[in-house]
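The sequence and the model are shown first.

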Amino acid sequence: MLLPEPEENILDRRDEIVGALKSLLPKGCVIDDRTTMKAFDSDGLSAYRNLPLVVVLPETTQQVADVMKWCRDNGVKIVPRGAGTSLSGGALPLSDGVLLGLGKFNQITEIDFENRTVTAQPGVTNLAITTAVQDDGFYYAPDPSSQIACSIGGNIAENSGGVHCLKYGLTTNNVLGIEMVTMDGEIVRIGGKHLDAPGFDILGIMTGSEGLLGVVTEVTVRILRKPATQRAMLVGFDTVQEAGQAVSIVIAAGIIPAGMEMMDNPAINAAEDFVNAGYPREAAALLIVELDGPEVEVDYLLDRVATLMKPLPQHLINPCFFKISTSQIVDISTFQLFNLFNFVSISTFQLFL
Ligand SMILES: Cc1cc2nc3c(=O)[nH]c(=O)nc-3n(C[C@H](O)[C@H](O)[C@H](O)COP(=O)(O)OP(=O)(O)OC[C@H]3O[C@@H](n4cnc5c(N)ncnc54)[C@H](O)[C@@H]3O)c2cc1C
């Protein structure tokens, strides 16, 4: 991939641009020395590196608006950046562009249990939202594997999701409202604390727009009650096709597991080599089926899933009744599933409806 050729006239105006941005922002919010800017020269797609023209780290929505307006009026490009975990180069800086980091927007501003919402600044990590409400029995459902680091603003821009999106949806199904700054520096609010605001679905357009339509400066998401019970089973298959067929059979039976993930044989063996988790190295594929809900329902569904899979010639069917929280497995059973989940989250297919 070739990065676009920088505009010479912008590079020539660097001192003027840096000076103008410094006049708009408090001391310490503009980084223009090459050594410090190195920290921002890439994102999760680390094969590509590029120093930005200058980095700005605003502290308020008004400051974001001032920067956006000035850049718009003066023909300077902006790349917004959350935590920089994007694997698609979305936060990769441009040599002739301003990198606008949201790292200082790191506060949860409201927890509203009555409306079951959390409002946060965009730099708050995905996991921090669950952490803030979990003692009260709630959690935030979309769980990208990078949730310990990625920001909720980045999640909006990438419409991120994880294992549990099979049942609970992606970011777009869990975001209720945002505050954002448009390209010309206008501050607007979309949605609120309720689902399905009337009018055009601007929130839907913003979610997944990769920072191209504006900068998100506040996010309101819905939180859910933690399920009473969460259990998973691990099933081994002789062929990847059978494992895929098993997924279809479960879904066709009307069962929507909280999550389903598959490991193929190279992934199983790589996991074994790396963490010695105790998986059957000979299985062509492993399927993890996680069910959640009231205990009686989960017991019933585990039995049903096992029954549905029996006609398939799997060589291992082992319901491992391990308990998990929304983000961490707290009790490990036969296959040391903590390691398995950690590994599969970056190495296997995530199965979405
Ligand atoms: C180990 C690892 C595992 C991952 N697992 C998953 C996964 O399971 N599921 C998944 O969906 N993704 C996953 N990702 C990708 C990444 O973590 C997500 O896309 C995440 O949402 C990016 O958030 P961020 O804060 O790091 O955003 P950044 O990387 O900083 O930015 C991503 C994009 O969002 C834009 N952006 C950031 N903040 C804002 C804002 N406030 N306003 C407007 N635009 C903004 C940027 O311009 C860029 O285009 C993974 C990444 C890694 C490194």
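Leu234 counts as buried because 23 C-beta neighbours lie inside 10 Å; a residue is called buried if 20 or more other C-beta atoms, placed from the backbone, lie within 10 Å of its own, exposed if 12 or fewer, and partly exposed in between. Leu234 belongs to strand β12 (residues 229-237). Strands (E, at least two residues) and helices (H or I, at least four) are DSSP runs numbered from the N terminus. Between Leu234 and Met262, 28 residues apart in sequence, the C-alpha to C-alpha separation is 9.7 Å.

The model is a predicted one, in which local features need pLDDT of at least 70 and side-chain atom pairs count only at pLDDT 80 or more, while totals for chains, interfaces and linings use all residues. Residue numbers start from 1 along each chain as its sequence is written.

**Overall composition and core**

The chain contains 12 helices and 16 strands, and buried residues make up 42% of its 353 residues. Of the contacts in the chain with a separation of 6 or more, 67% are between residues 24 or more positions apart; two residues are in contact if their C-beta atoms, placed from the backbone, lie within 7 Å.

In soluble globular proteins, nonpolar side chains tend to be buried together. The largest nonpolar core here has 77 residues, of which Val56, Val98, Ile178, Val235, Leu286, Leu287 and Val289 touch the most other members. Such a core is a set of buried Ala, Val, Leu, Ile, Met, Phe, Trp, Tyr and Cys residues joined through C-beta atoms within 7 Å. Strand β14 (residues 285-293) supplies the largest share of this core, 6 residues. Leaving aside neighbours within four places in sequence, Leu286 is in contact with Leu234, Val235, Gly236, Met262, Met263, Ile268 and Tyr279.

Val67, in helix α4 (residues 61-73), is also buried, because it has 25 C-beta neighbours inside 10 Å. Not counting residues up to four places away in sequence, Val67 touches Leu21, Leu24, Val56, Pro58 and Leu100. The C-alpha atom of Val67 is separated by 7.5 Å from that of Gly185, which is 118 residues away along the chain.

**Strand pairing**

An open sheet of 4 strands has the order β1-β2-β4-β3, with mixed pairing; two strands pair if DSSP finds at least two bridges between them. Its edge strands are β1 (30-31) and β3, each of which pairs on one side only. Strand β6 (residues 117-120) pairs with both β5 (residues 108-112) and β10.

| Strand pair | Bridges | Facing residues |
|---|---|---|
| β1 and β2 (residues 54-56) | 2 bridges | Val30 and Val56 |
| β5 and β6 | 4 bridges | Glu110 and Thr119 |
| β6 and β10 | 4 bridges | Val118 and Val221 |

**Positive phi angles**

Most residues other than glycine have a negative phi. Which phi does Arg116 take in the hairpin of β5 and β6? The value is positive, near 55 degrees, and the hairpin has 4 residues between the strands. Arg116 is partly exposed, because 16 other C-beta atoms lie within 10 Å. Asn159, likewise a residue other than glycine, has a positive phi near 45 degrees. Asn159 is placed in the loop between α6 and α7 (165-168) and counts as partly exposed because it has 19 C-beta neighbours inside 10 Å.
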